[in-house]
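Trainee: Could you show me how to read salt bridges in a protein model?

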Amino acid sequence: MEVLLNKIHEDIDYLNSQGKQVKEIRMNPNIFESMIELPDVKVSKGVTTVFGIIIKADESIEKYVFVLDEVT
């Protein structure tokens with residue numbers, strides 16, 4: 001899971017460097033359950049975050065996807 005967490009962090013950094021803002025990360029429920037055990041993942045008041053970004057379980061996702069803020 002640490003390798004996946006590092007990959008997610010690299011992807012977020014890349015998207016940020018391209019001027020894109022990640023609003024949310026949706027991931028497979030099995031991956032989500034494993035992720036919440038990691039120290040970088042925070043759970044507070046029913047909201048789960050990693051690197052300050054909300055993560056949610058979604059059964060329709062194979063691994064994970066980023067939801068980006070709309071460009072105005």
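Mentor: Let's go through the salt bridges one by one. Keep in mind that this is a predicted model.

Trainee: How many salt bridges does the structure hold?

Mentor: There are three. To spot one, look for a side-chain nitrogen of Lys or Arg within 4 Å of a carboxyl oxygen of Asp or Glu.

Trainee: Where do K7 and D11 lie?

Mentor: Both are in helix 1 (residues 2-17). They sit four residues apart, about one turn of the helix.

Trainee: Is D11 buried or exposed?

Mentor: For that, compare the relative accessible area with the cut-off: buried means under 20%. D11 has 17%, so D11 is buried. K7, at 40%, counts as partly exposed.

Trainee: Which residues are linked in a network of salt bridges?

Mentor: Those are E24, R26 and K56. R26 pairs with E24, with 2.5 Å between the closest N and O atoms. The side chain of K56 also meets that of E24 in a salt bridge, at 3.3 Å from N to O. This second pair links distant parts of the chain, 32 residues apart: K56 belongs to strand 4 (residues 53-57) and E24 to strand 1 (residues 22-27).

Trainee: And why does E24 count as buried?

Mentor: Because its relative accessible area is 8%. R26 is partly exposed at 33%, and K56 is partly exposed at 40%.

Definitions and conventions. Residues are numbered from 1 along each chain as its sequence is written. This is a predicted model: local features need pLDDT of at least 70, side-chain atom pairs count only at pLDDT 80 or more; totals for chains, interfaces and linings use all residues. Side-chain values use heavy atoms; hydrogens and water are left out. Helices (H or I, at least four residues) and strands (E, at least two) are DSSP runs, numbered from the N terminus. Buried means under 20% relative accessible area, exposed over 50%, partly exposed in between (1.4 Å probe, protein chains only).
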